[in-house]
Amino acid sequence: MLGIVPGSEVDFHRTADGSVILTRADRKQPTSRFQKLRGHAGEGLDTDAIMALTRGDA
């Protein structure tokens with residue numbers, strides 16, 4: 001959940017009540033499972049070809 005993996009740099013902070021908080025040292029947010037799915041699926045049909053298929057012009 002924190003994105004901490006082997007080799008990650010971490011910081012330890014002690015709170016007033018004596019508990020310890022672990023955070024990533026680089027402050028980067030871990031990539032969400034949805035961000036991992038974003039992107040381009042590769043080469044394929046262009047917009048005109050897709051529109052032709054949906055209209056039945058192909």
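**A hairpin and its neighbours**

Reader: How many bridges join β1 to strand β2, and how do the two run?
Author: Strand β2 covers residues 20-24, and two strands pair if DSSP finds at least two bridges between them. This is a predicted model, in which local features need pLDDT of at least 70 and side-chain atom pairs count only at pLDDT 80 or more, while totals for chains, interfaces and linings use all residues. Residues are numbered from 1 along each chain as its sequence is written, and side-chain values use heavy atoms, leaving out hydrogens and water. The two strands run antiparallel, and the bridges joining them number five.

Reader: Thanks! Which residue in β2 is the bridge partner of valine 10?
Author: Let's go through the pairing. Aspartate 11 stands opposite threonine 23 in β2. For valine 10, the bridge partner in β2 is arginine 24.

Reader: Which residue in the turn of the hairpin has a positive phi?
Author: β1 and β2 form a hairpin with five residues between them. A positive phi of about 95° is found in the turn, at glycine 18.

Reader: With which side chain does the side chain of threonine 15 make a polar contact?
Author: Threonine 15 sits in the loop between β1 and β2. Its relative accessible area is 25%, so threonine 15 is partly exposed (buried means under 20%, exposed over 50%, partly exposed in between, with a 1.4 Å probe and protein chains only). A polar contact is a pair of N or O atoms within 3.5 Å; within protein, one must be able to donate a hydrogen and the other to accept it, and residues adjacent in sequence count only if both atoms are side-chain atoms. At 2.4 Å, the partner of threonine 15 is the side chain of aspartate 17.

Reader: Is isoleucine 4 buried or partly exposed?
Author: Isoleucine 4 lies in the segment before β1 (10-14). Its relative accessibility is 33%, so isoleucine 4 counts as partly exposed.

Reader: What pattern does the protein follow along the sequence?
Author: Helices (H or I, at least four residues) and strands (E, at least two) are DSSP runs, numbered from the N terminus. Read along the sequence, the pattern is β-β-α.

Reader: What percentage of the residues of the protein count as buried?
Author: The protein has 58 residues. Of these, the share that counts as buried is 3%.
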